[in-house]
Amino acid sequence: MTEALLDVQDLKKYFPIRRGVLQRVVGQVRAVDGITFSVMPGETLGVVGESGCGKSTMARTILRLLEPTSGKVEFEGKNVVGLSKNEMRAMRREMQIVFQDPYASLNPRYTIGKTLLEPMEIHHLHTASARKQRVADLLDRVGLDPDYTNRFAHEFSGGQRQRIGIARALTVNPKLLILDEPVAALDVSVQSQVLNLLKDLQDDLDLTYIFVAHDLSVVRYISDRVLVLYLGHMAELADADEVFADPLHPYTRALLSAVPVTDPDQKRERIILKGDLPSPANPPAGCPFHTRCPAAMEICSKQVPAWQEAKPGHLVACHLYQ
Amino acid sequence: MSVQNASAAIGGASKSQKKSRGALFWKSVRKFPMVYVGGLIVFLLVICAVFAPVLALHNPITQYQNGLHMDGTPVGPSKFFPFGADDVGRDVYSRLIYGSRVSLIVGFVATAISLLIGTTLGLISGYFGGFIDTVIMRITDTILAFPFLLFALALVTILGSSLTNVLIAIGILGWGVMARVVRGQVLSVKEFEYVQAARALGASTPRILFRVILPNILGPIIVLATLAVSQNILVEAGLSFLGVGVQPPTPSWGNMIYAGVQDYQFAPWLMVYPGVALLLAVLGFNLLGDGLRDILDPRNATH
Amino acid sequence: MSNVLEVKDLEIQFEIDEKYYSAVKDVSFYIREGETLGLVGESGCGKSVTSLSIMRLLQDTAKVSGAILYNGENLLELGPAKMRGIRGNEISMIFQEPMTSLNPVHRIGRQIGESLMLHKGLSASEARLEAIELLRKVGIPRPDEVVDDYPHQFSGGMRQRVMIAIAMACQPKLLIADEPTTALDVTIQAQILDLMRKLAAENNMAILLITHDLGVVAEMCDRVAVMYAGKIMEQGPVREVFRNPQNPYTIGLMNSIPKLEGPRMRLQPIEGNVPSVRNMPQGCRFAARCPYVMDICREQDPGLLGAGPEHISRCWLQADREVQTQ
Amino acid sequence: MLSYIVRRLGGALVVLFGISVVTFILAYAVPSDPARMIAGPKASMATVLAIRHQLGLDRPLYVQYGAYIWRLLHLNLGMSYVYNLPVTTLIGQRFLPTATLALSAWIAELVIGIPLGIYTARRARKLSDYIVSILALIGISLLIPWLGIVLLYWLGFKIPIFPLGGAGGISHLILPALTYGITGAAAYTRLLKSSMLEVLKQDYVRTARAKGATESRVINRHVLRNALIPVITYGGIDIGYLLGGVVLLEVTFNWNGLGILAYNAISESDIPVIMGTVLLTALLVVLFNLLVDIVYVFVDPRIRYG
């Protein structure tokens, strides 16, 4: 069996809530509350969930853009969490991120050339002329005209900017790319262009992806395996086909049934969940989903369900399967 | 999608159109005429200050006998004294030209002092947050609690009246506003994903502060500095009017106005000309700053 | 059944650098009583602008021409007072951003009651009681308590329910919903769509649903109009258009959406980008991205051609197979 | 909400401490020799040393600071060198006239500035907006004494409508208030205009219009309520500063208040008096800032229920 490229163990990220006169910490927002998974080289792990489920926080915590509260993030066997500043800087060449907002993710004062040169300058990669060549190659690779280097971000459309963001992440030749809602802000016709580009890049450059999204059909299209998050907790993890064909967790089922499909004749049984997402500052006891779960039992409000295999390779945290 | 966004999105997708620089210039003049009026005034002011010896007709502190009538009252505007003479026979026009130097020096140097302190503290405070932020902001609040003119009066009283002390007084009091504005800007800019991207790429903290964040908040800083120059010129004039600051016979518009108050009834030129000069100078910087703010406002962006 | 709304040859122009450009052109559609029409398209296609023009809520600089007939009366020719009598009374509107669409300094009850006081002459206390009733109707728990709350105390989904309560207050004949669920999570979206469907049926209210999501259209609408670059490309009954799309743009749009079921095939994107309003192509606006483009497409707009009962498509390919419609 | 106010109070206390440090440094640490200043240039060295000891100036700075705070807490701001009266007495005599003047000046700013702000926001980018905005900018660019003298000359002397300075009834207040109003109104105009333009493009304003509200109802009930929030902040800070800022106004109109007291103290190097006025105005600025924070609770429900 091959070694995992990334191994995340019991990762937690709590944000303190400060209240009162002295701004004392009176509680915690448990944005990410104990997440464990591993990613194999060359695969795409889709991470899906609604707003507040902690998927974006998880992405940033893995990269230590946010300091994890506890847990381990091992990249090729090396724990990222304890690394010193300099070690971390070197590590950043291995893992890169692409952001959601194509308008906020590019520095408006930089030309595209500068945006792509800067990472190589930071890491002292290549000679000056080789860097320029690499910028041109990268632009070409993501489907942009290499003559664009002297233009500024605002001269591009959303889809083009997202291509530039991808090119920037690739400048340092990373092994792992964390894609944080990379197509959420794009129109469908452009979204499919970018999704196909990501697939092609993965094949050509042997990249490993963690693909964070809220759109289930996009996740299904791009992922090998899918992790479903709810309120900072893992609900379900399995092969993509398996999750969509046979969802086990009631939350996954509700989520899937809620997605409107483009077939006007398809009559599906729709599960409409009651109420809103609870606040991660004050999560329910027991299973975090029990307040909205149509299949909730007595035990659900008392005991946190264990994370275990319900079928081979299909993990789920739900009392229905224990 | 808001209405504005809708129309922006429709227009925004276009490629930048190739237009001559000249055409673009005149287009922006048409759209923001006031900023160019302000810029022109400031430009002329700088010319006055730099070329004062060339532009002045007479020595500004020489007391001319033909500047006074037989009864000792100053003579009005004439060929020899275009703006008249003052109560001891000095040429008002030449004093006005030289007076621009004081205004500009105070305006620029005091602003530079507060800009340097304010920007540095604001950057640190906004970027690092936490305890450092709290400490810096409380210091800023303390500085902001002192009214400008009165504090400057106190400082100049204690340190003595001189141009340098006026500069120090205005400079060390002016940074409070700057620090606050810069901090606010940093707080909003640092949330942008391009800053996160720079961190993810391994950029060092100084690089992020000075090469990523600072250039992106330069616009508001420039606007603020321009408006601060106008305010500082007014404060200097106020201090000179109160008799602290630049001491006669060195001309400053403030002390010229003060000297003209008593004679306003029969020699109005003594007060009117320096007052108008001061008004124009301050208005110039105000127009420039206000206009720059409009131009830099993304809502008015012309692609 | 009669038409609640009929839009004829709508053109909307915006000023950019002292020149006027058409953001929307040749747009015609109708909505019958109690019917839901979907207006679908990508950002910048003019769908939001179209909806705002019906309410006459565009900024003064926009030039609107054509006709917008509500019960036979042209809204574009109404005086401001008469138009206000229609807004929020006969025609209501809800928007994309529930977080910013409510006034942060007024209580929920007052914001719901405002249109009742404006149009029905209710007193403040009557309006408050009615607001509680409306909150109950849109499924907000404990309505008699939350009526005095402020918007920031509500979640996004709850705020959108409040927006719906405001819109429903005067029992309008037509609801314009501009991307009402785009900012919401899917499970909340399902709740809101369900609520809208229920309320429309109960009150025989027509809906003009603006969205970019073909799935939402498939679920909610009776008929759909697909817009691209300011023009309607295809229009017809939802089943017709989704089962048997005629326009290459509609087909391209459907092929570029990843599906939730069936084999995971490589997506077929529409290549290229939407043309800018400043350089609209002369002929068909989709010509530059169309895989079936012909010479004539670049020269002349085909106009809307019949493709079946109530089904029309703006495409030269349709010319050969045109079907006469009523 | 309560903790919000208590926190603001805490912040204000820290700032008060900062103010005391700054004023202490200015009054005791910076001057080369306060004792020499008190004794006068002709006094003997022994006298100076005696005064120095008497004032505690030969003790370590922190002891002096402690003593300074002790005196402040007992409302002892020292004795004026010139008047030989406690500074608190001097300030007490002049406080009311200055407060009256400052309040009238503030009202004048609001009365001129706020309507113009609403006007320019509603006519944004039209010719009338440009004209009013430029007039407001000219106002802000004028030196108070200069404008004051010109107004005095024309409206007090040439056409004698108003008295030529000095204290008295309302007629004495009009010209100084007008002067300050003209020079200060532009700040309100500018702030309210940009704030209103910002609010006008908010989604909830569109919601109000979509309900069929009239334009005046939209402006009065939906736009202004929100747009005035930053104006309230500025207004509070402004009146705090005003008490220190009326120096020029008082000197120009010969209004015998704190400003004139401070002004006269300069030429006499009467440091306790000038430091006393500085301290008082700084206190007032802090106080008004605190008031603004409390007013916020009532105008912005997001804080009340935050």
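The model is predicted, with local features requiring pLDDT of at least 70 and side-chain atom pairs counted only at pLDDT 80 or more, whereas totals for chains, interfaces and linings use all residues. Residues are numbered from 1 along each chain as its sequence is written, chains are lettered from A and ligands numbered from 1 in the order in which they are written, and side-chain values use heavy atoms, with hydrogens and water left out.

The interface of chain B with chain D was examined by contact (heavy atoms within 4.5 Å). Contact involves 49 residues of chain B and 51 residues of chain D. The size of an interface is often given as the accessible area lost when the parts come together. Here buried area is the accessible area (1.4 Å probe) that two parts lose on being put together, summed over both. For chain B and chain D it is about 4,300 Å², with 76% on carbon and sulfur atoms. B:L150, B:I158 and B:Y264 supply 14% of the area that chain B buries against chain D, more than any other three residues.

A salt bridge places a side-chain nitrogen of Lys or Arg within 4 Å of a carboxyl oxygen of Asp or Glu. One salt bridge is found between chain B and chain D. B:D290 pairs with D:R190 in a salt bridge, with the closest N and O atoms 2.7 Å apart. A polar contact is a pair of N or O atoms within 3.5 Å; within protein, one must be able to donate a hydrogen and the other to accept it, and residues adjacent in sequence count only if both atoms are side-chain atoms. Four residue pairs, both at pLDDT 80 or more, are in polar contact between chain B and chain D.

Secondary structure follows DSSP runs, numbered from the N terminus (helices: H or I, at least four residues; strands: E, at least two). On the side of chain B that touches chain D, at least two residues each come from helix 1 (3-12), helix 6 (130-144), helix 7 (148-159), helix 10, helix 11 (253-261) and helix 12 (269-296) of chain B. Helix 12 of chain B gives the most, with twelve residues. Residue classes are nonpolar (Ala, Val, Leu, Ile, Met, Phe, Trp, Tyr, Cys and Pro), charged (Asp, Glu, Lys and Arg) and polar (the others, Gly among them). By class, this side of chain B has 34 nonpolar, nine polar and six charged residues.

The interface of chain B with chain A takes 20 residues from chain B and 30 residues from chain A. The buried area is about 2,300 Å², and carbon and sulfur atoms give 49% of it. B:E193, B:A200 and B:L201 supply 29% of the area that chain B buries against chain A, more than any other three residues. Three salt bridges are counted between chain B and chain A. A:E118 and B:R207 meet through their side chains in a salt bridge (3.0 Å, N to O). Polar contact joins 13 residue pairs between chain B and chain A, both residues at pLDDT 80 or more. Helix 9 (193-200) and helix 10 (205-241) of chain B are the elements that give two or more residues to the side of chain B that touches chain A. That side divides into eight nonpolar, seven polar and five charged residues.

Over all chains, the whole structure holds 47 salt bridges. Within chain A, the side chains of A:E43 and A:R225 form a salt bridge (2.7 Å, N to O). A:E43 lies in the loop between strand 2 (24-39) and strand 3 (44-48) of chain A and A:R225 in strand 9 (residues 225-230) of chain A, so the pair ties together parts that are 182 residues apart in sequence.

Helix packing was described with axes fitted as lines to C-alpha atoms over the stretch in contact, and with angles from 0 to 180 degrees between N-to-C directions. In chain B, helix 5 (residues 92-128) and helix 10 pack at an angle of about 145°, with their axes 8 Å apart. Their contact divides into 19 nonpolar, six polar and one charged residues. In chain D, helix 5 (residues 87-122) and helix 8 (residues 170-200) pack at about 40°, with their axes 5 Å apart. Their contact divides into 20 nonpolar, eight polar and three charged residues. Chain D has 14 helices and zero strands. Its C-alpha trace spans about 85 × 60 × 30 Å along its principal axes.
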